[in-house]
Amino acid sequence: MLEYDIVIVGAGPAGSAAALKAASEGKKVLVIERGPEPGSKNVSGAEVRKDYITSVFGEGMPYERTVDTMKLSLYEKDKPVNIDFHPEGLVTTGRLKLDKWLSSVSEQAGATIIPKTTALKLNWENGIAKSLTTDRGDVAAKSFVLAEGVNALVSMNSGINVDWTPSNSVQAVKMVYSIKKGDLNNIFGFPDDDTGMSWRMIMSDPLVAGFMYTYKDSLAVGIGSPIKELVDRKIRPEALLDKFLETTGIAEKVKGYSLREYSAKVIPEGGFPETNVAKGNVYLCGDAIGLVDPLTFDGITPAIASGTLAGEAAVMNYDKEVYRYNLMKHPEISKIAKERKLESDFMTSNKAGEYINMVSSLLEGWAAGDLIGIRNTMVGNYRNIIPDLMSFVMRMR
């Protein structure tokens, strides 16, 4: 049987961060990846904070375009309120290129990556994992990191966490259209091939969070909606996506261009700090503990942050409470924990529609110079929305 200091399941951002940390500490590290190569089974492209990734993995991150403009649209029925702003440090990137690069950095640090290998179960003795069974044999280790994503079969098989349910999961559907660089620049008015934009949309009936990213020669667009709402209302995700494309006008922009990719995935919307994060010498990170920022849709930053901490925990053989404490005090992860209450309101009640209606009314009143209307909106929402927002702001301090 092969023996390593640390075995990591999953070569996504969380797994590569854990591998980089452990290998940099001189440990013998093995990374097991189910796909033919890192990033091959990912659905999403991504908008990422380049500076943060560089701070962990160093220079050389591949990216598509710099996000010069971010547009936020709040839809009250078919009528949007649009807010444009100019962020700093955001870029768009394809997950296949990104994940391959992250993995290559961990390999350069000394980690070994084995693709096309499926982790099946951990083998335990007296509360300590001794080995990992894969479809290609067993491998032993002193510690294990499970960065296996939302389909966390190994951790569920070990009783560390239960499966995600429709009430705390989102169904995401994404399409990627091939569009020539020149055409893409003309459609959006970009001055060059490096300039890009992202667009976030929120609709309330049913609750839909949409996104659009521009790449060098393609356009990614998709939606996410609570699975429970889709099931209860008998709404098909593909039908919801079609309606979304028409409502936002994106359907007209991509008309005549070829569809390169059509894919779907489940995104966890509940999770840490409610979930278990470790058992014995096994540490979980990334999507396996539901680390997706519900307000920014960012899963990569908390994946890298938690992966780095999991790699450290595996090296030091931390107790699970020490690992939990380290997760909780990390700024990229603690803010997600603080956002859970607002996220829960959006997922399980009609608060999304109330928030959108309030913001739309306030902005329309401000644009029209209607101070009385603004006052009435604030007074009308004093009891049902404002206290939640104030509580959220206080938790974020």
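Which residue stands opposite threonine 195 in E12? The residue is threonine 66. The structure is a predicted model, in which local features need pLDDT of at least 70, side-chain atom pairs count only at pLDDT 80 or more, and totals for chains, interfaces and linings use all residues. Residues are numbered from 1 along each chain as its sequence is written, and side-chain values use heavy atoms, with hydrogens and water left out.

The protein contains 14 helices and 17 strands; these are DSSP runs (H or I, at least four residues, for helices; E, at least two, for strands), numbered from the N terminus. Of its 397 residues, 52% count as buried, where buried means under 20% relative accessible area, exposed over 50%, and partly exposed in between (1.4 Å probe, protein chains only). The accessible surface comes to about 18,100 Å², and 53% of that surface belongs to carbon and sulfur atoms. These areas come from the Shrake-Rupley method with a 1.4 Å probe; for residues, only the protein chains shown count as cover. Among contacts (heavy atoms within 4.5 Å) between residues at least 6 apart in sequence, 71% join residues at least 24 apart.

Strand E4 (residues 65-76) pairs in the parallel sense with strand E12 (residues 195-204) over nine bridges. Two strands count as paired if DSSP finds at least two bridges between them. E4 is also joined to strand E5 (residues 79-85) by seven bridges, and these two strands run antiparallel. Leucine 74 stands opposite valine 81 in E5. Two further bridges join E4 to E6, again in the antiparallel sense, and in E6 threonine 92 is the bridge partner of arginine 65.

Helix H3 (residues 95-108) has 14 residues and reaches 20 Å from its first C-alpha to its last, close to the 20 Å expected. The expected span of a helix is 1.5 Å times one less than its number of residues. The buried residues of H3 include Leu98, Trp101, Leu102 and Val105. The buried residues of this helix pack against several elements, among them helix H1 (13-24), strand E6 (90-93) and helix H9 (300-316). H3 is followed by glycine 110, whose phi is positive, near 125°.

Just after H9, asparagine 317 takes a positive phi of about 55°.

In soluble globular proteins, nonpolar side chains tend to be buried together. A nonpolar core is a set of buried Ala, Val, Leu, Ile, Met, Phe, Trp, Tyr and Cys residues joined through side-chain atoms within 4.5 Å. The largest such core has 64 residues, of which Val7, Ile53, Phe57, Leu132 and Tyr323 touch the most other members. The largest share of this core, nine residues, comes from H9. A second, separate core of 26 residues includes Tyr177, Val208, Ile235 and Leu245. Leaving aside neighbours within four places in sequence, the contacts of valine 7 include Leu30, Ile32, Leu132 and Phe144.

Glutamate 33 is located in the loop between strand E2 (29-32) and E3. Glutamate 33 is buried, with a relative accessible area of 3%. A polar atom of its side chain lies 2.9 Å from the backbone nitrogen of glycine 35.

Definitions and conventions: Polar contact = N/O pair within 3.5 Å; in protein donor to acceptor, adjacent residues only side chain to side chain.
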